[in-house]
Amino acid sequence: MKQDDQGIYEYLRHHKKFPHVWCAGCGIGIVMGSLLRSIRNLELGRDDVAIISGIGCAGRMPVYMDFNTLHTTHGRALAFATGLKLARPDMEVIVVMGDGDALAIGGNHFIHAARRNIDLTAVIVNNSIYGMTGGQSSPTTPLGAFSATAPYRHIEQPFPICQLAIAAGASFVARGTVYHVTELDRLLEQAIQKRGFAVVEAVSYCYTTFGRANKMRSPVEMMRLLKENSITVQAAQKMEKLPDGAIVRGVLHNEDKPEYTELYDQIIEQAHGQPSPRKRQVRRGWA
Amino acid sequence: MTIQLLQGNHACARGALTAGCRFYAGYPITPSSEIAEIMARELPRVGGKFIQMEDEIASMAAVIGASVGGLKAMTATSGPGFSLMQENIGYAIVAEIPCVVVNVMRVGPSTGIATHPSQADVMQARWGTHGDHPIIALAPGSVLEAFELTVKAFNFAEKYRTPVLVMMDEVVGHMREKVDLPDAGSVEIVNREMPSVPPEWYEPFGNPPSDVPPLAPFGEGYRYHITGMLHDPRGFPTERLDEIQPWIERIFRKIDRHLDEICMWEEDSVEDARVLIIAYGATARSARQAIKIARARYGRKVGLLRLKTLWPFPEEAVERAAEDVQRVIVAEMNLGQMALEVERVVGRKKVVRVGRADGQMVTPEQIVDAIRAPQPQAVSLRVAVPW
């Protein structure tokens with residue numbers, strides 16, 4: 001583990017940007033460490049990686065990482081990433097979002113990026129709450145939980161992120177938690193390597209806002225819940241019925257299908273062989 | 001050089017391609033869709049990329065993403081989509097990302113009348129996105145100018161690292177004219193400045209003498225941070241006044257210093273004019289006809305100042321042209337938007353607003369009426385004057 005920390009140190013903008021903005025005990029830093037280890041394990045060049053984020057606690061992640069980093073507007077990270085990936089198909093474009101960022105304001109961009117199957121890696125840090133703005137309900141806040149905007153209780157159903165991604169057409173969908181860090185490293189590695197739209201839901205927690213509103217006062221307590229409530233996808237497959245609140249970890253979907261930028265390269269080849277547009281216009285009788 | 005019969009939207013797309021545009025992201029909307037269709041067909045032929053996004057918010061985001069990747073990028077839309085793009089237009093201003101946004105204006109507010117012309121988004125062009133910011137907006141008045149000003153828009157965007165808006169009205173967008181487009185080689189093309197220093201010295205938001213720091217595309221070894229938050233010369237978020245203040249001053253100064261180049265206009269019969277018409281886009285064509293009628297039929301000395309640049313507002317040109325006239329008529333397809341700027345510059349008493357917001361063009365007769373009115377007061381033009 002110690003050696004691992006040394007390994008990620010060189011990927012950090014450590015000279016100016018620290019201390020970071022996250023609360024002590026937050027899970028987002030764990031996801032960042034995991035992402036850095038997976039990038040290092042894959043031996044990707046720092047110049048070839050772009051990290052793109054939206055707004056919120058998770059959106060602050062790229063500023064600390066020494067890659068090409070783009071901190072965009074709320075919910076739009078995947079749309080920015082789509083443009084960058086088309087301009088630079090050779091780059092490894094990784095998008096980091098929170099649950100509110102990816103699924104509420106960015107929900108439309110999320111399903112359409114999945115539908116296009118463009119080669120992006122979407123990492124969604126799911127802490128079930130809007131942390132930076134002070135603990136308001138998010139699209140993944142569980143039914144019955146309390147939040148700053150659900151003082152009586154939350155009466156909306158949470159989005160199942162992974163099922164949504166699979167249904168929308170993502171090539172690779174996996175779920176990990178910030179407790180099972182080594183596993184999260186491996187899942188992120190697979191997701192980055194995948195040619196196509198890859199989603200990793202990193203289940204985290206926010207003890208500062210969600211925990212306070214729901215009587216879970218320490219990060220340790222919330223971390224323990226991740227440990228106790230999660231099961232591997234292999235174990236889940238053997239069960240007839242999943243226990244309530246179970247977090248299924250592992251690769252949930254992995255499929256090979258045509259990727260958008262590769263298909264577009266075929267379009268470019270095809271378009272080169274066509275007659276000049278002016279000739280076609282004349283044939284069609286309009287100029 | 002070949003003489004062609006082209007539509008304004010088509011000329012705009014050709015201008016973009018000539019200027020070196022290699023990325024288009026958009027969402028279908030009348031009356032701008034032809035631009036997307038032409039770009040979808042033409043871009044892959046020159047190795048560029050076209051993508052139809054899920055909405056205009058995403059379109060604008062993808063345009064910025066592609067520009068960060070080093071491609072000249074654009075989108076085109078109309079009022080409802082322009083409203084959605086405002087969020088990321090603001091981002092492009094703060095992050096200083098070159099890009100071009102074409103708005104083929106139709107009647108609003110809201111869905112309005114999709115197929116009828118308007119010029120009522122010109123104030124939105126100025127202040128549509130939140131916060132204080134400079135902006136460049138151009139308004140072509142003919143099919144040829146749709147080509148020329150789209151090229152200019154890309155040149156300004158690249159030179160000043162800023163989004164540039166092409167505010168075309170539906171009349172110009174859909175009108176067909178005989179044009180002789182210049183060859184690619186004879187058109188001046190400006191490309192963004194690349195850094196000449198090693199990566200460790202590179203300041204993507206620094207303060208060079210030109211006020212426009214060089215822009216390195218992602219993936220070229222210059223690893224840096226781009227954000228919509230106010231930032232320091234390296235691009236990292238900051239709240240320090242000594243870092244924010246110079247940045248704010250610079251993004252205004254980089255435009256203000258170059259008003260001579262950016263502000264474009266055209267004068268017609270102004271030498272002896274006692275009445276000055278100020279118009280832009282298709283409305284300037286009505287104004288030209290009004291001048292002919294007023295001079296020939298009524299012996300009125302009328303001139304025209306046609307604005308090709310709306311923002312930054314060419315106030316010196318307006319001030320000079322309006323100096324010796326008794327009356328300034330501002331004709332536009334809205335109920336007085338650029339007129340506010342003209343009033344600011346020449347004073348309210350002289351200015352007469354001639355406008356309409358019903359999806360019809362301002363007619364030459366409407367303008368002639370205003371020229372002939374005994375007092376320089378607004379003829380009520382909320383409803384079109386029947387002629």
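**Backbone features and domain contact in the predicted model**

With 8 C-beta neighbours inside 10 Å, K215(A) counts as exposed, because a residue is classed as exposed when 12 or fewer other C-beta atoms lie within 10 Å of its own. This assignment, like every other value reported here, was computed from a predicted model. In chain A, K215(A) occupies the loop that runs between α8 (207-213) and α9 (219-229). The backbone of K215(A) has a phi near 55°, which is a positive value in a residue other than glycine.

A positive phi is also found in chain B, at E96(B), where the angle is near 55° and the residue is again not glycine. The position of E96(B) is in the loop between α4 (79-95) and β5 of chain B. E96(B) has 21 C-beta neighbours inside 10 Å and therefore counts as buried, since the cut-off for a buried residue is 20 or more. Thus K215(A) is exposed, whereas E96(B) is buried.

Cis peptide bonds were examined next. In chain B, G108(B) and P109(B) are joined by a cis peptide bond with an omega of about 0°. The proline of this pair, P109(B), belongs to the loop that connects β5 (99-107) with β6 of chain B. A cis peptide bond also links W311(B) to P312(B), and here omega is about -10°. P312(B) is located in the loop between β14 (309-311) and α11 (315-322) of chain B.

The domain organisation of chain B was then considered. Chain B is assigned a domain 1, covering residues 3-186, and a domain 2, covering residues 267-372. A distance of 26 Å separates the C-alpha centres of domain 1 and domain 2 of chain B. To the contact between them, domain 1 of chain B contributes 25 residues and domain 2 of chain B contributes 21 residues. On the side of domain 1 of chain B that touches domain 2 of chain B, two or more residues are given by each of the elements β6 (113-117), α5 (122-127), β7 (136-138), β8 (163-169) and α7 (170-174) of chain B. Of this side, α5(B) supplies the largest share, namely four residues. When grouped by class, the residues on the side of domain 1 of chain B that touches domain 2 of chain B comprise 19 nonpolar, four polar and two charged residues.

Definitions and conventions
Residues numbered from 1 in each chain as written. Chains lettered and ligands numbered in written order. Predicted model: local features only at pLDDT ≥ 70, side-chain atom pairs only at ≥ 80, totals over all residues. Domains from an automatic or database assignment. Contact = placed C-beta atoms within 7 Å. Nonpolar A, V, L, I, M, F, W, Y, C, P; charged D, E, K, R; others polar.
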